[in-house]
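The following note sets out points on the fold, the nonpolar cores, the helix packing and several individual residues.

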Amino acid sequence: MRGKVYLIGAGPGDPGLFTLRGVACLREADVIVYDYLANPRLLAYAKPDAELIYAGKKGGEADAATQEEIGRLLIDKALSGKVVARLKGGDPFIFGRGGEEGEELFQAGIPFEVVPGITSAIAVPAYAGIPLTHRDYASTVAILTGHEDPSKQTSVIAWEKVATGIGTLVFLMGCSNLPTIVDKLLGYGRSKETPAAVMHWGTKPEQETVTGTLENIVALAKMRGLGPPAVLVVGDVVRLRERLNWFERRPLFGKRILVTRTREQAGRFAELLEGQGAEVLEIPLIEIVPPKSWEPLDQAIGRFESYQWVIFTSANGVDAFFRRLRELRQDARRLGAVRICAIGPATADTLERYTIIPDLVPAEFRAEGVIEALKPYDLQGAKILLPRAEVARDLLPTDLERRGATVDVVPVYRTVQSRTAGDVLKPLLQDRKIDLVTFTSSSTVTNFVEALGQEDLKAICDGLRVACIGPITQETAERFGLPIDIIPERYTIPSLVDAIVQYFRTSGAG
């Protein structure tokens, strides 16, 4: 039985530029063979049991697979009946050797499909504010390799025609050969005053751009220490960067921000931060796991009709509750006429995904806000179900019981410390490679401290900037002596991102 191979362009680096067709193919694939330039975040689209194979393809990388080995791998996996995704940086047919791989697959009788990607030749200059064409500057474009096959005896690039015959020249993989490229262009008549730009890691948060002219671009790139991957643009369109440089002007550009949420919850937070230009490091300090026993919740579900209120205090609690309901082969109809309270908009949004619109969402998104919002209601004799984390504050159930209610507090999930976070986290903090740490719950703070070790905390966190989603998280952080720089007015992820942007916009925030 023969499988199939998808030759997929991973785009230039920004995962937001990956195509929908590419996503669909990754979700189908049994095997994913990926390159150095393919953003690892794209692997999140793989199905859980997919085989992931790193093929290297980074210049000078000792363990990188050869092109022959990659071709053999694709054929062998497909011949065994697997659906194979070959994930390549940029576009597979723009200096990506996708044509060669396609030829090998054709010779082997393997069906294949090409999924184009956004080439770095176009995207990287755009992210640097350099349009490749402009009616006032250039009407022609040439895309060239800056790294020809070393086995060739002579260059196949017609330098005498290219140097002066094309308005804009784009060289891919040309950083190591930059002096040679410039010498060729100057030698064949291009003016030394021609604007030029070198862009390193284009479209990613660590993007770095150097502009100059053919006369000085080699020295400027060397001074900045730019290396591959890089794109070189030569032509008058480079002059437009001063006006069109949108990407590097975003408020969080160049800032490295640590997100400590669970991997399942970090996605939206990371997207919002990256949308403002930040480089996001996702190091989950907690994992969400089932409670030690489902029995208390199962018993509560069995007598659900006796409750007047159900209060959800987190999106995690909502997901865990409905997951268990489904496992018991029951559905949302069990909620019947019971009133639903959600502690905040994120919890309310999660409820709405299960087609439940809460009756009550307090103005202040914490236990104190729930208490205030419930004041108009007569709770004498009321039965209230509170499905929540195994460890949480007792303020809410204590107050409700004081008002005459019977409260069943049932654990629906636990937060446990990540076992590997400390090994990754310590070096980054010690080397001052993190501009801001974000905490979105007290448990992330506690596990942050435990991961680092209390004895190292003061030294490691000296000068560290910290953002907390709300006052409860802030109190926990302050208890451990952590400085608090940012607290949003509303205790939501979007508000936290807004507060972070505002902080770094102010003078002296670096």
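1. Contact here means heavy atoms within 4.5 Å. On that basis, and leaving aside residues up to four places away in sequence, Thr 213 touches Lys 192, Glu 193, Thr 194, Pro 195 and Ala 196. Thr 213 belongs to strand β9, which covers residues 208-213. Is this residue, Thr 213, buried or exposed? Its relative accessibility is 16%; since buried means under 20%, Thr 213 therefore counts as buried.

2. Overall description. The model is predicted, and the points below should be read with that in mind. The protein chain has 510 residues, of which 52% count as buried. Its secondary structure comprises 19 helices and 19 strands. Along the principal axes, the C-alpha atoms fill a box of roughly 90 × 65 × 50 Å. Among contacts with a separation of 6 or more, 68% are between residues 24 or more positions apart.

3. The largest nonpolar core. This core has 25 residues, and those touching the most other members are Phe 312, Phe 321, Phe 322, Leu 335, Ile 340, Leu 351 and Leu 385. Two or more residues come from each of α10 (295-302), β14 (309-312), α11, β15 (339-342), α12, β16 (383-389) and β17 (406-417). Which element gives the most to this core? It is α11, with 5 residues. As general background, nonpolar side chains in soluble globular proteins tend to be buried together.

4. Leaving out residues up to four places away in sequence, Leu 385 touches Ala 300, Phe 304, Tyr 307, Trp 309, Val 310, Ile 311, Phe 321, Asp 408 and Val 410.

5. Packing of α11 against α12. Helix α11 spans residues 315-327 and helix α12 spans residues 345-353; their axes lie 8 Å apart at an angle of about 20°. Angles under 35 degrees count as roughly parallel, and α11 and α12 are therefore roughly parallel to each other. Their crossing is right-handed. From α11, Ala 315, Val 318, Asp 319 and Phe 322 meet Ala 346, Thr 347, Thr 350, Leu 351 and Arg 353 of α12. Sorted by class, this contact has 5 nonpolar, 2 polar and 2 charged residues. Phe 322 and Leu 351, which take part in this contact, are also among the core residues that touch the most other members.

6. Packing of α10 against α11. Here the axes are 11 Å apart and the angle is about 70°, so α10 is roughly perpendicular to α11. Leu 297, Asp 298 and Ile 301 of α10 meet Phe 321, Arg 324 and Leu 325 of α11. The contact of α10 with α11 has 4 nonpolar, no polar and 2 charged residues.

7. Packing of α16 against α18. Helix α16 (residues 442-452) and helix α18 (residues 471-479) have axes that come within 8 Å and cross at roughly 20°. The pair is therefore roughly parallel, and α16 passes α18 in a right-handed crossing. Ser 442, Val 445 and Thr 446 of α16 meet Ile 472, Thr 473, Thr 476 and Ala 477 of α18. By class, the residues of this contact divide into 3 nonpolar, 4 polar and no charged.

8. Leu 105. This residue is found in helix α3, residues 98-107. With a relative accessibility of 1%, Leu 105 counts as buried. Leu 105 and Arg 72 are 33 residues apart along the chain, and their C-alpha atoms are separated by 9.3 Å.

9. Lys 77. Helix α2 (residues 67-79) contains Lys 77. Not counting residues up to four places away in sequence, Lys 77 touches Val 31, Glu 51, Ile 53, Lys 82 and Val 84. How far apart in space are Lys 77 and Gly 189, C-alpha to C-alpha? The distance is 50 Å, for a pair 112 residues apart in sequence.

Notes: Residues numbered from 1 in each chain as written. Predicted model: local features only at pLDDT ≥ 70, side-chain atom pairs only at ≥ 80, totals over all residues. Heavy atoms only, no water. Axes fitted to C-alpha atoms, helices over the stretch in contact; angles between N-to-C directions. Helix = DSSP H or I, 4+ residues; strand = E, 2+ residues; numbered from the N terminus. Parallel < 35°, antiparallel > 145°, perpendicular 65-115°, else oblique. Left-handed = near helix turned anticlockwise from the far one by under 90°. Nonpolar A, V, L, I, M, F, W, Y, C, P; charged D, E, K, R; others polar. Buried < 20%, exposed > 50% of the residue type's maximum accessible area, 1.4 Å probe, protein only. Core = buried A, V, L, I, M, F, W, Y, C linked by side-chain atoms within 4.5 Å.
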